[in-house]
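Hi everyone, thanks for coming. I'd like to walk you through one model today, so please have a look at it before I start.

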Amino acid sequence: MGIIRGAGLGLREPHIEEILDHLPPVPWFEVLADNYLGIGGRPRDRLFEIRAHYPVVFHSVGMNLGSVDPLDEDYLDRLLELRAELQPEWISDHFCWTAARGRHHHDLLPLPCTEEVIAHLCERVSRVQDRLGERMLLENASAYVAFRDSECSEWEFVREVAERADCFLLLDINNIYVNSYNFGFDPREYLEAIPRERVKQIHLAGFSDERTHLIDTHGADVSADVWRLYRDSVELLGAVPACVERDSNIPAFDVIFDEARRAQQVMLEETGGAS
Ligand SMILES: [Fe+2]
């Protein structure tokens with residue numbers, strides 16, 4: 001996994017032309033695999049062109065790991081087909097559920113932190129990892145409701161699943177910050193509880209401030225508080241490959257490339273260049 005290093009970017013359609021024209025020195029891109037499953041023609045061709053110039057990782061939103069619906073084997077087949085063609089360094093999905101009884105909600109919905117859910121997630125992650133033939137990454141999601149049934153903190157839940165399913169983690173620093181604000185916990189305590197050797201990737205993104213709560217919109221610049229928490233994460237976890245995500249109000253390419261360069265700078269300052 002050594003070729004994914006430093007600060008990359010989430011690949012977004014409005015930037016692809018510019019990237020292919022100028023080949024900016026982005027160390028790697030994260031590809032939203034779901035956008036390319038079963039898709040042919042020009043979008044797919046351009047993705048292959050990107051891949052010819054850059055290493056990539058896959059990010060997936062369709063595994064529906066927390067649901068009690070059967071695992072979608074057809075979805076996994078299509079993901080494996082795309083993986084065979086593009087050779088990403090790894091594949092990630094989320095601690096969440098996205099569909100129930102076959103109905104898709106197009107959102108990353110939260111899970112109660114209970115022993116029952118931990119066991120359920122671990123079993124499904126293990127089955128997916130068997131299909132992939134490798135360990136996957138699971139990402140912590142943002143949330144706006146908590147469950148009375150929860151038996152442990154979110155960070156204990158995340159750590160327990162990672163250890164028992166023997167998977168890696170994609171730690172979203174913005175999501176930790178958003179949840180710490182919405183539910184009133186210390187985000188540094190979350191970071192300190194995460195096993196360093198499990199974290200293979202970091203996400204950075206922006207939120208919208210609704211005063212009573214924060215919403216993880218991916219539609220704004222990374223906030224000053226999230227930059228501070230990111231610096232804490234580098235201090236605690238080392239220079240884990242990080243990528244900036246933007247999904248709405250998508251600015252010019254240089255704006256998010258500047259954020260990636262800032263993340264790279266934080267890595268350098270906190271680790272002296274070690275990774
Ligand atoms: Fe994320």
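Which residues does Leu 204 touch, if we don't count those up to four places away in sequence? Keep in mind that this is a predicted model. The list for Leu 204 is Ile 173, Asn 174, Val 222, Val 226, Tyr 230, Ala 242, Val 244, Glu 259 and Ala 263.

Several of these names come back when we turn to the core. The largest nonpolar core has 74 residues, and those with the most contacts inside it are Met 136, Leu 138, Leu 169, Ile 173, Leu 204, Val 244 and Ala 263. Helix α5, residues 154-165, gives the most to this core, with six residues. As a general reminder, nonpolar side chains in soluble globular proteins tend to be buried together.

Now let's move to helix α9, residues 253-271. At 1.5 Å a residue, its 19 residues should span 27 Å, and the end C-alpha atoms are 27 Å apart, so the two agree. Which residues of α9 are buried? They are Ile 256, Glu 259, Ala 260, Ala 263, Val 266 and Met 267. These cover an arc of only 110° around the axis, which means that they sit on the same side of α9. In general, an α-helix has 3.6 residues a turn, so residues three or four places apart point the same way.

What covers that buried side? The cover includes β1 (7-10), β9 (199-204), α8 (224-237) and β12 (242-244). On the face turned away from it, α9 carries the exposed residues Asp 254, Val 255, Gln 265 and Glu 269. After α9 comes Gly 272, with a positive phi near 65°.

Let's go to the strands next. In β3, residues 56-59, both faces are covered: Val 56 and Phe 58 are buried on one side, Val 57 and His 59 on the other. β3 pairs with β2 (residues 29-32) in the parallel sense over four bridges, and Phe 29 stands opposite Val 56. From β2 the chain crosses through α2 to β3, a right-handed β-α-β crossover. β3 also pairs in the parallel sense with β4 (residues 91-94), over two bridges, with His 59 opposite Ser 92. That crossing, from β3 through α3 (residues 73-86) to β4, is right-handed too.

One last stop is Arg 46, in helix α2 (residues 41-53). Is Arg 46 buried or partly exposed? Arg 46 counts as partly exposed, because it has 16 C-beta neighbours inside 10 Å. Leaving aside neighbours within four places in sequence, Arg 46 is in contact with Ile 16 and Leu 20.

Note on methods
Residues are numbered from 1 along each chain as its sequence is written. This is a predicted model: local features need pLDDT of at least 70, side-chain atom pairs count only at pLDDT 80 or more; totals for chains, interfaces and linings use all residues. A nonpolar core is a set of buried Ala, Val, Leu, Ile, Met, Phe, Trp, Tyr and Cys residues joined through C-beta atoms within 7 Å. A residue is buried if 20 or more other C-beta atoms lie within 10 Å of its own, exposed if 12 or fewer, and partly exposed in between; C-beta atoms are placed from the backbone. Two residues are in contact if their C-beta atoms, placed from the backbone, lie within 7 Å. The expected span of a helix is 1.5 Å times one less than its number of residues. The arc is that of the directions from the helix axis to the C-beta atoms. Two strands pair if DSSP finds at least two bridges between them. A crossover is right-handed if, with the strands pointing away from the viewer, the path from the first strand over the helix to the second runs clockwise.
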